[in-house]
Amino acid sequence: MNLNCLIIDDEPSSQKVLKVFIEKVPFLNLIAVCNNATDALETLQKHTNIDLLFLDINMPNISGLSFYKSLKNPPAVIFTTAYSEYAIDGFEVNAVDYLLKPFSFDRFLTAVNKAFDATKTTENTITDEVIYVKENKTLHKVNLKEIIYLEALGDYVKIYLENTFILTNSTFTNMLGQLPAAHFVRTHKSFAINLEKLNSVSGNQIIINDTKIPIGQTYKADFMKLLLK
């Protein structure tokens, strides 16, 4: 599934960054770039298949927030701005995410993965969900059903798949934020598992195939309640 997206930003430098980042993500399809709300409205009327807006809040004449509130059936939105004080207002309209300029590609990728997940129907299961994970200069398409468990390694997260692994530069919290909580559970400060891969639990260890994964005391009570509910 691809997301047709629209950039609405009056700063050429910001437009350029977004265009470069969008080109790196296989499921994003850039339809147009607009300099203001008037151009954006005309584009939305012409292209009714827009799925996602990258919308700057601080624009002349009418703010991005006011523009978004004026739309009758708005697409999903990721707000972009240099001003952190707008963050609360952005989330009040149920924004997918809020990117504070200047933002990195990794932070951008986290936001668009959220948008991708939000546009899927509730009928989807883990068997057909994917995320995109950056490893060095390569962007990997990862099917969630292939993830066995994850391990935090300093500034990196190691994602163990059925036949290989991916080492991505990310915080553990950010990585887990891209995964559905109903399927992926943190069992230790440095480990999280795909519940569908669990074979057994023995004492303070989880067994998945031939691998033993620790259960931290902080996480044990909630983890056992989840298994026994």
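**Figure 1. Overview of the protein chain in the predicted model.** Among contacts in the protein chain between residues at least 6 apart in sequence, 49% join residues at least 24 apart, where contact means heavy atoms within 4.5 Å. The model is predicted, so that local features need pLDDT of at least 70 and side-chain atom pairs count only at pLDDT 80 or more, whereas totals for chains, interfaces and linings use all residues. Residues are numbered from 1 along each chain as its sequence is written, and side-chain values use heavy atoms, with hydrogens and water left out. The secondary structure of the protein chain comes to seven helices and 15 strands; helices (H or I, at least four residues) and strands (E, at least two) are DSSP runs, numbered from the N terminus. The C-alpha trace spans about 65 × 35 × 30 Å along its principal axes. Of the 229 residues in the protein chain, 46% are buried, a class defined by under 20% relative accessible area, with exposed meaning over 50% and partly exposed in between (1.4 Å probe, protein chains only).

**Figure 2. The open sheet of five strands, with parallel pairing.** The strand order is β2-β1-β3-β4-β5, and two strands are taken to pair if DSSP finds at least two bridges between them. At the edges stand β2 (28-34) and β5 (97-100), each of which has a single partner strand, so one side of each is left without a neighbour in the sheet. Direction ignored, neighbouring strands of this sheet are turned by 20 degrees against each other on average; axes are lines fitted to C-alpha atoms, for helices over the stretch in contact, and angles run from 0 to 180 degrees between N-to-C directions. Strand β1 (residues 3-8) runs parallel to β2 and is joined to β2 by six bridges. L6 has A32 in β2 as its bridge partner.

**Figure 3. Helix α1 and its packing against the sheet.** Helix α1 (residues 12-24) lies across β1, β2 and β3 (52-56), and runs at about 165 degrees to β2. The end C-alpha atoms of α1 are 19 Å apart, which agrees with the 18 Å that its 13 residues should span at 1.5 Å a residue, the expected span being 1.5 Å times one less than the number of residues. S14, Q15, L18, F21 and I22 are the buried residues of α1. Seen down the axis of α1, these buried residues fall within an arc of 135 degrees, so they line one face of the helix; the arc is that of the directions from the helix axis to the C-beta atoms. They pack against β1, β2, β3 and α5 (105-118), while P12, S13, K16 and E23, on the other side of α1, are exposed.

Figure 4. K101 forms a salt bridge with D56, with the closest N and O atoms 3.7 Å apart. A network of salt bridges links D9, E11, D56 and K101. The side chains of R107 and D97 also meet in a salt bridge, at 2.8 Å from N to O. R107 counts as partly exposed at 31% relative accessibility, whereas D97 is buried, with a relative accessible area of 2%.

**Figure 5. The salt bridge between K197 and E162.** The side chains of K197 and E162 meet at 3.1 Å, N to O. K197 lies in the loop between β12 (191-194) and β13, and E162 in the loop between β9 (156-161) and β10 (165-169), so that the pair links distant parts of the chain, 35 residues apart. At 45% relative accessibility, E162 counts as partly exposed.

**Figure 6. The open sheet of three strands, with antiparallel pairing.** The order of this sheet is β13-β14-β15. Its edges are formed by β13 (200-202) and β15 (211-214), each with a single partner strand, so one side of each is left without a neighbour in the sheet. From one strand to the next, the twist averages 30 degrees. Strand β14 (residues 205-208) pairs with β13 in the antiparallel sense over three bridges, and V201 stands opposite I206 in β14.

Conventions
A salt bridge is a side-chain nitrogen of Lys or Arg within 4 Å of a carboxyl oxygen of Asp or Glu.
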